[in-house]
Amino acid sequence: MYRANAARLTVNEGADERPRGVNEVTRTVTVRSEQLPRRTFRAFVELEGMYRNMVEQLVLYAVNNGVTKFTRLRAERYREVRSLYPQLPSHYAYTACQDAAERAHSFLRLKKMGRARKPYPEVRGVSIWLDDHLWRAEGLTSINIATHRGRVRVSVELNRHFLRYVNRGWRLTSEARVKLDRRDRRLVFYLTFRKEVSEYRPKAYITVDVNEDAEAVLIDGIVYLFETNLSRVTLGYYYRRKRVQEKYDRVYGSGSRPARRVFRRLSNNERLLKREIRWKLATLIVREAARRQAAIVLERLGRGPAKGMIERINDPQLRHRVFQAAFKGMQRAIEEKAKEYGVPVIYVNPRNTSKVCPIHGTEIIYDGRNRHGVCSKGGETWHRDVVACYNLLLRALGGDGGDAPSRMRALATLDGGPVPLGPTAAHEPTPIARGAWARWKSLGATSDHKLMRMST
Ligand SMILES: [Zn+2]
């Protein structure tokens, strides 16, 4: 393990001087109703049918006419869909317009990127969008919904997740969606909570260098290497799907229904696994930042997949997915979580962050066999990810995020002398396997003492 002289750095000169922002943070929470009597449930099945029909018609119109804005869709089509079901509360025609505009918007974007498979988006899973006229919470245990058969009140089952938001000062908003669980005769509500969080003024920096399969994080002079295996997950599922396709195509012909079903399940599993990995790691990093009142420093990513490994993948769709999962997706998870804790996020120029020695400012020579390189001036050995983390820190301290930070000024702001160590030390990160960090609530758990305490 490698520890720099500086236990923690103080930020004064060259510090981040942006005005502190206030972020609005939104979270969706799922709440289920109790099992409904058949008659009541049937009313919701009818409602869903009408709503689906309105959305289908609106989506068709929107895609044909290139409409992606709710306001325009409403202006052009509200009367039409409203007259379809006069018995339905009028606001369903509004929310159907919102729903359809969003579907059309994301479909047209996919089409533009050449990633839409069908000429029209399929309206498969429907969740009914509700607004403040269509539903209200009555206390914490029941929800009142306007339907074509008058207002219906359903009882909901409270869960820990929901109560946590209520108790921590989040505000329940009027936007909600409801989905039907036909097997159980229940309604599933997706409720939206909102909170305003102001960013603090950072007293320190935590830098994060995202790689395909790991994330290097510099905290208190130690570079931790959190293994994520994100690109391995993406590639693994890609090849599994390919095998499934070949097998099913031989038996059923291409594009068969059973093959599609397996595909859907695999894609869903892949998405959930990646989301869990990202979300957990982001939470861990953001909590450490909040505890130290530190800002998080990330690379400013360009549009294209710039990282070396990805360029070697020929399939453009696969390249896109690896990039999304490993870089964009991970960054986005950190950004989202940071907002919730009021942690400022700073972006710096990523150019050559792993190629220049953080001490001497000269080139580091990598022999290409592993992730270690040697400084061309001092001759000291560096691990690529450690170099990247320190250079991100130097750029953040430089203030402008540009290529040429004031190295001397940056180093002078660290207590306890220049970073990092003497010329012969191997600057090694501390690797942590996914199975280990995924169970942690904080980094304190890294010491054996704490690990033992956790296991008892
Ligand atoms: Zn050097």
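## Helix α2 and its cover

The elements that cover the buried residues of α2 include α1 (38-65) and α3 (91-112). Helices (H or I, at least four residues) and strands (E, at least two) are DSSP runs, numbered from the N terminus. A residue is buried if 20 or more other C-beta atoms lie within 10 Å of its own, exposed if 12 or fewer, and partly exposed in between, with C-beta atoms placed from the backbone. Two residues are in contact if their C-beta atoms, placed from the backbone, lie within 7 Å.

This is a predicted model, in which local features need pLDDT of at least 70 and side-chain atom pairs count only at pLDDT 80 or more, while totals for chains, interfaces and linings use all residues. Residues are numbered from 1 along each chain as its sequence is written.

In helix α2 (residues 70-84), the buried residues are L73, R74, R77 and V81. The helix bends by about 60° at R77; the bend at a residue is the angle between axes fitted to the seven residues ending there and the seven starting there. An α-helix has 3.6 residues a turn, so residues three or four places apart point the same way.

## The antiparallel sheet

An open sheet of seven strands has the order β2-β6-β7-β1-β5-β4-β3, with antiparallel pairing. β2 (128-130) and β3 (135-138) stand at its edges with a single partner strand each, so one side of each lacks a neighbour in the sheet. Neighbouring strands are turned by 35° against each other on average, direction ignored. Axes are lines fitted to C-alpha atoms, for helices over the stretch in contact, and angles run from 0 to 180 degrees between N-to-C directions.

Two strands pair if DSSP finds at least two bridges between them. Strand β1 (residues 22-33) is joined to strand β7 (residues 186-198) by 11 bridges, and E24 has E196 in β7 as its bridge partner. Eight bridges join β6 (residues 171-181) to β7, with A176 opposite L191. β6 and β7 form a hairpin with four residues between them, and R185 in the turn has a positive phi of about 50°.

## The mixed sheet and its helices

Six strands form an open sheet of mixed pairing in the order β12-β11-β8-β9-β10-β16. Its edge strands are β12 (345-348) and β16 (430-432), each of which pairs on one side only. Three bridges join β10 to β16, which run parallel; here L225 has P431 in β16 as its bridge partner.

α8 lies across β8, β9, β11 and β12, running at about 155° to β8. α9 packs on the sheet, touching β8, β9, β10, β11 and β12, and its direction makes about 135° with that of β8.

## Nonpolar cores

A nonpolar core is a set of buried Ala, Val, Leu, Ile, Met, Phe, Trp, Tyr and Cys residues joined through C-beta atoms within 7 Å. The largest has 55 residues, of which I206, I285, I296, V297, I334 and L393 touch the most other members. Elements that each supply at least two residues include β8 (204-210), α6 (257-291), β11 (294-299) and α8 (316-341). The largest share, 10 residues, comes from α9.

Among the residues that V297 touches, not counting those up to four places away in sequence, are I206, V348 and L393. A second, separate core of 37 residues includes L36, V63, L73 and A96; L73 is also among the buried residues of α2.
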